[in-house]
Amino acid sequence: MQALLHQVLSGLANGGIYASVALALVMIYQSTHHVNFAQGEMATFSTYIAWQMINLGLPYWVAFLLTLVFAFVMGVAIERIIVRPFYKAPALSVVAVFIGLLLVINSLSGAIFDYTIKPFPSPFPTDAWYGSPYLSSHEVGMIFVTLVVLALVFAFFRFTPLGLAMRAAAENPVSSRLVGVRVGWMLALGWGLAGLIGAVAGMMTAPIVYLDPYMMFSVLLYGFAGALLGGIDNAWGAVLGGFIVGVLQNLAGAYLVGTELMVTVALVIIVGILVIKPAGLFGRTIVTRV
Amino acid sequence: MSALLELRGLSAAYGPTSVLRSIDLAVEQGGIVTLLGANGAGKTTTLRAICNMMVRISGEIRFNDQRIDGNATEDIVRLGVGHVPDGRGTFVSLSVEENLRLGAYTRRDRQVAQDFERVYGYFPRLKERRRQQAGTLSGGEQQMLAISRALMLRPKLLLLDEPSFGLAPLIVQEIFRILRAINEQEGVGMLLVEQNANIALELADQAYLLETGRVVMHGPSAVIGSDESVRRAYLGY
């Protein structure tokens, strides 16, 4: 029983990371109907920036905040410079652009910071959480940071004029322009926010899996599975999906398939959802008259 | 005093397909002009051309004696041009109140809160439904919402694209009565595109008749509306 509880709780900790990545994917998907395959690599690269700043002697939280700024600017710049010319391109060309972006950023991480695995510090104590057998302090801190970020993002969209304009631009770009919203910049902002959320996920993951250019590969896969499970056009659903995937993955790893085959869980979820309920658990089924 | 809106030799095209051919049109300060014509005559295109939306244009567009052709849509809105588009352009997943807040998106003054009440004064039904998702409103209510959203801009000019479309006659009358009130109380100029010539001529003081992209006749609404041959040939009643 205790082992089960432990698996579920640490699954929730991982799930928070997947939820963040899922939310970042949904944010870009909602406004452009593109899935950003480079999301994980952007997060990894940002984490390297954080690592560099910490190595230069900056306090952890200062480096953390500066990294968020960097990740935001990087997201905006990628949208403005690389993605924007392809908005009218066919879907497959866009997929090719994103995969290219994935490879470029991955190679950049390797070329600049080399491919050796690096330890990345956790801002939280390394011992168990108040002697708890269930969770480490880092896992608790990870859940906490993730929840704070998710809450801030939702508050931004719910309560600020800019958040409202971004939702409007995603839903109806034509009407948005007619009330004066600069839709192009709203898309860029969405990319910036997605980059920022991804960076948090990267910095929370790195202390567990160690920092290397491929660190976010499987995380992106789980995040994608979470987004699909919850419904890729529904932010709440995607976040919930991320947490569910985290728990499922841990349980399957412990009781079903063993840790070696854990990644297959993500693939099974992705294929299963696409076959059985493509809109996801909470997504809308879009009916089009042809 | 110069006209609020002036089109001089305005042509517009979608890609290679030319739709408007050298149109001249003027809306006086606080005046109401209606643009009548059959389907495909270029009425909606005229409104899109003024806002620089989706069409390629040539010619001159003056708003308050300032050239605005070539300006981005978002900047034209900021000058005080409120557009009530065809199909109403509702943000269906947002609440009524959020739709209205978006209407005031470009404003930085502190009177926005009062303007909610001003707009609800014209359309009390929207106030009852302000927390409701806009997509769940009836067609008439969505049309009211579209007009209200444009009013939140405090526009000098309203571009109205078939506000009667698909609505029951009683609702249409209610909406046109309120448009009249808005024009009288706030001095907002209006350019009204309509298929329903009867009710449009009643509201407008000037009318333009559009046929395949050209203005074939214009003059005071009363004159146009009472001309038997015009009515039979163009207005179909």
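Why does A:Phe120 count as buried? This and other close-ups of a predicted model are described below.

**View 1. A:Phe120 sits in a loop of chain A.** The loop runs between helix H4 (91–113) and H5 of chain A. A:Phe120 has 22 C-beta neighbours inside 10 Å, so it counts as buried; the cut-off for that is 20 or more. Leaving aside residues up to four places away in sequence, A:Phe120 touches A:Thr47, A:Trp51, A:Ala206, A:Pro207, A:Tyr210 and A:Leu211. A:Trp51 lies 69 residues from A:Phe120 along the chain. Their C-alpha atoms are separated by 6.7 Å.

**View 2. Helices H5 and H6 of chain A cross.** Two packed helices are described by the angle between their axes and the distance between the axes. Here H5(A), residues 137–159, packs against H6(A) at about 80°. The two axes are 5 Å apart. H5(A) and H6(A) are therefore roughly perpendicular to each other. From H5(A) come A:Phe156, A:Phe157, A:Arg158 and A:Phe159. They meet A:Gly163, A:Met166 and A:Arg167 of H6(A). By type, the residues of this contact are four nonpolar, one polar and two charged.

**View 3. Chain A meets chain B.** The contact involves 15 residues of chain A and 18 residues of chain B. On the chain A side, helix H6 (161–171) and helix H7 (173–178) are the elements that give two or more residues. H6(A) gives the most, with six residues. The chain A side divides into eight nonpolar, three polar and four charged residues.

**View 4. Helix H3 of chain B is mostly covered.** H3(B) spans residues 96–103, and six of its eight residues are buried. These are B:Val96, B:Asn99, B:Leu100, B:Arg101, B:Leu102 and B:Gly103. What covers them? The cover includes H6 of chain A. It also includes helix H4 (112–122), helix H5 (124–128) and helix H6 (139–151) of chain B.

**View 5. Chain B as a whole has ten helices and ten strands.** Its radius of gyration is 17 Å, close to the 18 Å that the globule rule gives for 237 residues, so chain B is as compact as a globular protein of that length. Along its principal axes, the C-alpha trace spans about 45 × 40 × 35 Å. Buried residues make up 45% of the 237 residues. Take the contacts in chain B with a separation of 6 or more: residues 24 or more positions apart account for 68% of them.

**View 6. Six strands of chain B form an open sheet with mixed pairing.** The order is E6-E7-E8-E3-E9-E10. Strand E6 (81–84) and strand E10 (214–220) are the edge strands, and each pairs on one side only. From one strand to the next, the twist averages 15°. Within this sheet, strand E3 (residues 32–37) and strand E8 (residues 189–194) of chain B pair in the parallel sense over five bridges. B:Val33 has B:Leu191 in E8(B) as its bridge partner.

View 7. Four bridges join E6(B) to strand E7 (residues 157–161) of chain B, and the two run parallel. In E7(B), B:Leu157 is the bridge partner of B:Val81.

**View 8. A four-stranded open sheet of chain B has antiparallel pairing.** The order is E2-E1-E4-E5. Strand E2 (17–27) and strand E5 (66–67) stand at the edges, each with a single partner strand, so one side of each is left without a neighbour in the sheet. Strand E1 (residues 5–14) of chain B pairs with E2(B) in the antiparallel sense over seven bridges. B:Leu7 stands opposite B:Leu25 in E2(B).

Key. Residues are numbered from 1 along each chain as its sequence is written. Chains are lettered from A and ligands numbered from 1 in the order in which they are written. This is a predicted model: local features need pLDDT of at least 70, side-chain atom pairs count only at pLDDT 80 or more; totals for chains, interfaces and linings use all residues. Two residues are in contact if their C-beta atoms, placed from the backbone, lie within 7 Å. Ala, Val, Leu, Ile, Met, Phe, Trp, Tyr, Cys and Pro count as nonpolar, Asp, Glu, Lys and Arg as charged, and the others, Gly among them, as polar. The radius of gyration is taken over C-alpha atoms; the globule rule is 2.2 Å times the number of residues to the power 0.38. A residue is buried if 20 or more other C-beta atoms lie within 10 Å of its own, exposed if 12 or fewer, and partly exposed in between; C-beta atoms are placed from the backbone. Axes are lines fitted to C-alpha atoms, for helices over the stretch in contact, and angles run from 0 to 180 degrees between N-to-C directions. Angles under 35 degrees count as roughly parallel, over 145 as roughly antiparallel, 65 to 115 as roughly perpendicular and the rest as oblique. Two strands pair if DSSP finds at least two bridges between them.
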